[in-house]
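Morning, everyone. I have one structure to go through today, so please look at the screen.

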Amino acid sequence: MAALQAACERISGTPLPFTYSLLLHRFAYWFCLLLPFGLVSIAGWASPLFTALVVYSFFGLDALSEELEDPFGTGNNDLPLDFLCRVDEISVFEALGEPPPPLLAPDNYHYS
């Protein structure tokens with residue numbers, strides 16, 4: 001259990017270096033800028049449509065990765081740690097034969 005806690009603390013305390021995100025942003029912009037020129041011989045007039053789909057996918061994944069970068073906070077899409085810890089606490093109380101505390105409902109989390 002202590003090893004898992006230490007691993008989670010390392011994840012929480014290690015931010016993604018800015019240079020990695022900068023490189024990914026620049027690559028995505030350049031790729032999406034040059035993609036229509038590569039598709040024009042194959043897709044013709046439909047190349048803007050295919051380019052729009054690729055751009056939407058790339059920048060959607062980029063926004064998703066920024067949202068999931070810090071899973072141990074108190075934001076809308078972070079892990080409900082209070083709820084998860086209460087489930088473990090209830091299991092320990094039941095194993096000891098004591099009455100368990102009430103279950104907590106996740107607060108300020110949006111499941112979609």
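Predicted model: local features only at pLDDT ≥ 70, side-chain atom pairs only at ≥ 80, totals over all residues.

As for contacts between residues at least 6 apart in sequence, 42% join residues at least 24 apart.

Now for helix α2, which covers residues 18-43. How far apart should its ends be? At 1.5 Å a residue, its 26 residues should span 38 Å. The end C-alpha atoms are 36 Å apart in the model, which agrees with that expectation.

The helix does have a kink, of about 35°, at leucine 34. That position comes shortly before a proline, proline 36.

Next, which residues of α2 are buried? They are Ser21, Ala28, Cys32, Leu35, Leu39 and Ala43. An α-helix has 3.6 residues a turn, so residues three or four places apart point the same way. Have that in mind when you find Ala28, Cys32, Leu35 and Leu39, which are among the buried ones, on the screen. As for what covers the buried residues of α2, that includes α3, residues 47-67.

Last, the end of the helix. Just after α2 comes glycine 44, with a positive phi of about 65°.

That is what I have.

Terms used:
Residues numbered from 1 in each chain as written. Heavy atoms only, no water. Contact = heavy atoms within 4.5 Å. Helix = DSSP H or I, 4+ residues; strand = E, 2+ residues; numbered from the N terminus. Expected span 1.5 Å × (residues − 1). Bend = angle between axes of the 7 residues up to and from the residue. Buried < 20%, exposed > 50% of the residue type's maximum accessible area, 1.4 Å probe, protein only.
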